[in-house]
Amino acid sequence: MSDQSFDPLTLTYNDAGLIPAIAQDAATGEVLMMAWMNAAAVARTLETGKVTYWSRSRQAFWVKGETSGHVQELVDFRFDCDSDCLLVTVNQTGPACHTGRQSCFYRAVRGGEVVALEAAPKA
């Protein structure tokens, strides 16, 4: 183990100052979603344990579940070999996708056709 402290600025961000963050369910291993973080969102996530993203459309911090109640509690924070992609394992409360599905990755291409792997939630 290293006693080296982590600095979010050591990650590699794109030209917009963002890094992709993949959220994975800590209990099941299911990939839940992908969103963007900037250095401040990385720092907030690590400080609070509440996964915080950067909303490109609103240009504001987005604490997952702040309005929906579908929170992501941080379990583990990892970054890849190039330091340009994040993997956050989380305890997910409720669905991760804004469509009400557990995962944003509910569609697949099978035999050249788009297949829904999870039905839309009932209204």
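1. Helices (H or I, at least four residues) and strands (E, at least two) here are DSSP runs, numbered from the N terminus. With that in hand, C97 sits in the loop between β6 and β7 (107-110). C97 is buried, at a relative accessible area of 6%, where buried means under 20%, exposed over 50% and partly exposed in between (1.4 Å probe, protein chains only). Its contacts, leaving out residues up to four places away in sequence, are Q102, S103, C104 and Y106; a contact means heavy atoms within 4.5 Å.

2. A word on what you're looking at: this is a predicted model, local features need pLDDT of at least 70, side-chain atom pairs count only at pLDDT 80 or more, and totals for chains, interfaces and linings use all residues. Residues are numbered from 1 along each chain as its sequence is written, and side-chain values use heavy atoms, with hydrogens and water left out.

3. Now the overall picture. The protein chain has 1 helix and 8 strands, in the order β-β-α-β-β-β-β-β-β along the sequence. Its C-alpha trace spans about 45 × 35 × 35 Å along the principal axes. Of its 123 residues, 33% count as buried. Among contacts with a separation of 6 or more, 39% are between residues 24 or more positions apart.

4. On the record side, UniProt (unreviewed entry) puts "domain: Phosphoribosyl-AMP cyclohydrolase" at residues 33-106. Bear in mind that UniProt positions are given in the numbering used here, feature names are shortened, and annotations may be inferred rather than shown by experiment.

5. Strands β5 (residues 72-79) and β6 (residues 86-92) run antiparallel and are joined by 7 bridges; two strands pair if DSSP finds at least two bridges between them.

6. S83, in the loop between β5 and β6, has a positive phi near 60° though it is a residue other than glycine. Most residues other than glycine have a negative phi. S83 counts as buried because its relative accessibility is 16%. Q59 also has a positive phi, of about 55°, without being a glycine. Q59 lies in the loop between β3 and β4, and with a relative accessible area of 52% it is exposed.

7. The β5-β6 loop also carries annotated aspartates. UniProt (unreviewed entry) marks D80, D82 and D84 as "binding site". D82 is in the loop between β5 and β6 and counts as exposed because its relative accessibility is 51%. D84 is in the loop between β5 and β6 too, but at 33% it counts as partly exposed. D84 touches T12, I19 and P20, again not counting residues up to four places away in sequence.

8. Then the cysteines: another "binding site" feature in UniProt (unreviewed entry) covers C81, C97 and C104. These are spread over 24 residues of sequence and also spread in space, with up to 27.5 Å between C-alpha atoms. C97 and C104 are in the lining of the largest pocket. C81 is in the loop between β5 and β6 and is exposed, since its relative accessible area is 76%.

9. Finally, the largest pocket, with a volume of about 570 Å³. On a 1 Å grid over the protein atoms alone, a pocket is an open set of points where a 1.4 Å probe fits, with protein on both sides within 12 Å along at least five of seven lines, and lining residues have an atom within 4 Å of a point. Grid points are joined across faces, edges and corners, and the volume is the space filled by probe spheres set on the points.

10. Who lines that pocket? The lining has 26 residues, and M33, A35, W62, K64 and H98 lie nearest the centre. β2 (31-37), β3 (52-55) and β4 (60-63) each supply at least two lining residues, with the largest share, 4 residues, coming from β2. By class there are 14 nonpolar, 8 polar and 4 charged residues; Ala, Val, Leu, Ile, Met, Phe, Trp, Tyr, Cys and Pro count as nonpolar, Asp, Glu, Lys and Arg as charged, and the others, Gly among them, as polar.
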